[in-house]
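Please have the sequence and the model open while reading.

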Amino acid sequence: MEQDTYTLETKRREPPEASDRRTGMGDRRKRVDSLLRAALDEPIPGGASLAYVFGSGLLFLFLSQVITGMFLVLYYVPSADHAHTTIAYITKEVTSGAFLRSIHAYGSSAIIIVLLLHVTQTFLYGSYKGRRELLWLAGCVLFALMLGMSFTGYLLPWDQKAYFATTVGTNILTYVPVVGNSLKSLLRGGTDMGTLTLSRFFVLHVFMIPAFIFAFVALHVFLFRRAGAAGPIQGDPEELKRSTETFYPKQVIFDIVFALLIIAGLGLLAHYAPVELGPKANPADTQYVPRPEWYYIPVFQWLKYWESGFAVVGILVIPAFIALLFVALPFLDRRPERRPWKRPVAVSIYAFIFTGLGALGAISHRNDLRDPGIAPQLAKQRAEVEAFMKKPFEPELGGASLIAATVALSNPIAAKGKKVFDQEGCAECHGEDLTGTSAAPTLIGVGDKYDSGKLESVLKQPTDAMTDGGMMPVDLKDEDLKVLIVFLEALK
């Protein structure tokens with residue numbers, strides 16, 4: 001009794017502001033509790049299951065891509081002059097840079113794998129049925145956006161593989177009737193691949209596509225919560241109702257375990273098999289054989305079969321028709337039956353398409369190994385990548401234009417040699433910045449390495465390594481040869 005009297009007396013003496021603060025904190029706590037309950041008390045018919053972890057796994061992978069991408073952007077410069085150098089700096093110099101870049105690169109492949117598992121589980125369980133059309137459509141948009149993220153990010157390292165594979169990919173747009181060439185020019189920022197292409201792909205990859213992904217993830221989750229979990233593919237309704245569980249705690253534990261497995265897998269791959277970087281892109285290299293990332297290989301192989309007059313049919317019409325069937329699936333399959341063995345036609349078509357994609361990938365790999373014109377070139381390209389990864393990081397030296405201009409200003413004869421150098425097209429192999437390409441080495445420091453006599457000798461009679469790189473014996477007038485040698489001697 002005395003305690004109650006003391007409590008009442010204390011409340012009477014308490015300032016009104018303190019009472020309001022306590023009431024406000026209580027209201028905020030109630031709102032947080034209600035949000036947590038709304039998020040975690042989602043009913044799951046039939047209870048939690050490992051089959052339901054793929055959606056959460058995709059969300060985790062996307063957030064992982066955002067976080068690792070933020071760190072990479074701190075160093076990256078989206079221009080043809082600096083992109084490759086900044087990626088090389090990240091890979092070879094930045095502490096844990098190669099590890100973070102590998103996590104990001106492998107994460108892109110992991111998204112495709114988990115995305116395909118999620119789509120397969122949704123299809124086999126018939127989870128698109130029962131007034132879930134909008135949910136399916138939102139998922140299809142997310143599928144396309146994820147593929148777009150992978151495609152736009154592939155070019156950003158600006159190495160040989162990225163450049164030529166993206167060139168092939170953007171050329172596909174030309175098969176779109178009427179507006180094809182305009183679309184390609186819009187995406188590239190012109191007719192050729194260059195800094196404008198890189199900057200547009202960078203904006204798409206870092207800003208525009210992620211913004212759309214965040215928006216459609218929110219829409220997808222909202223529509224899922226509104227429609228409710230589809231539950232098992234069979235079972236007595238009353239029994240399923242009795243076995244219904246909330247999302248927390250069991251399904252949350254399943255999702256966390258799956259996320260930890262993803263972290264472990266990506267970490268092990270990034271540590272023991274870090275992603276490599278090839279030599280800087282050289283548009284003049286006509287011998288390079290482009291190969292896209294593994295999940296685009298089946299499409300790449302499919303394109304080879306339609307290089308005749310029916311190219312539009314194979315490259316545009318058939319894929320568009322299959323994509324339309326996929327998107328329209330909930331509108332075409334209106335039967336309530338969800339069990340896959342009771343839907344033999346739909347399951348067979350689905351299995352045929354994915355088996356066909358796998359077969360196309362296997363055929364592409366087999367042909368690369370057996371083709372005498374392709375296999376040696378691919379082996380050479382692989383050796384170039386390994387050689388580049390073993391080389392120490394070479395910082396940009398102010399650009400060749402600056403080096404060459406300095407040489408020209410300090411020596412008028414060397415300036416004439418620079419004109420001969422440009423006229424002979426030497427920069428196509430040695431690079432505009434004189435730092436070399438996959439076809440020819442850097443010329444910076446060549447004046448310290450060779451004297452005039454040795455330079456004249458290798459210009460007239462290139463070594464075997466130079467010949468393999470495409471260098472032909474220089475056939476110049478004596479005066480032009482002398483000024484060219486003076487220019488090369490000045491590159492110290």
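## Charges over rings

Which residue lies over the face of F388? The model is predicted, and in it K92 takes that place, at 3.9 Å from the ring centre of F388.

R343 is also placed over a ring: its charged end sits over F123, 5.4 Å from the centre of that ring. F123 in turn belongs to an aromatic cluster, together with Y128, W136, F143, F326, Y350 and F354.

## Aromatic pairs

The structure holds 21 aromatic pairs. W136 is buried, because its relative accessibility is 9%, under the 20% cut-off. F326, with a relative accessible area of 26%, is partly exposed.

A further pair is made by F421 and F487, with ring centres 5.5 Å apart and planes at 55°, so this pair is tilted too. F421 lies in helix 18 (residues 412-423) and F487 in helix 23 (residues 478-489); the pair links distant parts of the chain, 66 residues apart. Both F421 and F487 are buried.

## Cysteines

How many disulfides does the count come to? The count is 0. A disulfide is a covalent bond between the sulfur atoms of two cysteines. For C426, the closest cysteine sulfur is that of C429, at 8.4 Å, which is too far for a bond; the cut-off for a disulfide is 2.5 Å. Seen from C429, the closest cysteine sulfur is that of C426, again at 8.4 Å and too far for a bond.

C426 counts as partly exposed, at 22% relative accessibility. C429 is partly exposed as well, at 28%.

## Surface patch

I67, F71, L74, Y75 and Y89 form a nonpolar patch on the surface. Together these residues have about 520 Å² of accessible area. I67, one of the patch residues, is found in helix 3 (residues 54-73). The relative accessibility of I67 is 48%, so I67 counts as partly exposed; the class "exposed" would need over 50%.

Definitions and conventions. Residues are numbered from 1 along each chain as its sequence is written. This is a predicted model: local features need pLDDT of at least 70, side-chain atom pairs count only at pLDDT 80 or more; totals for chains, interfaces and linings use all residues. Side-chain values use heavy atoms; hydrogens and water are left out. Patches are made of residues with over 30% relative accessible area and no salt bridge: like charges are joined within 9 Å, nonpolar side chains (Val, Leu, Ile, Met, Phe, Trp, Tyr) within 5 Å. Accessible areas come from the Shrake-Rupley method with a 1.4 Å probe; for residues, only the protein chains shown count as cover. A salt bridge is a side-chain nitrogen of Lys or Arg within 4 Å of a carboxyl oxygen of Asp or Glu. Helices (H or I, at least four residues) and strands (E, at least two) are DSSP runs, numbered from the N terminus. Buried means under 20% relative accessible area, exposed over 50%, partly exposed in between (1.4 Å probe, protein chains only). Rings of Phe, Tyr and Trp (its six-membered ring) pair if their centres lie within 6.5 Å; planes under 30 degrees apart count as stacked, over 60 as edge-to-face and the rest as tilted. A charge sits over a ring if NZ of Lys or CZ of Arg is within 6 Å of the ring centre and within 35 degrees of the ring normal.
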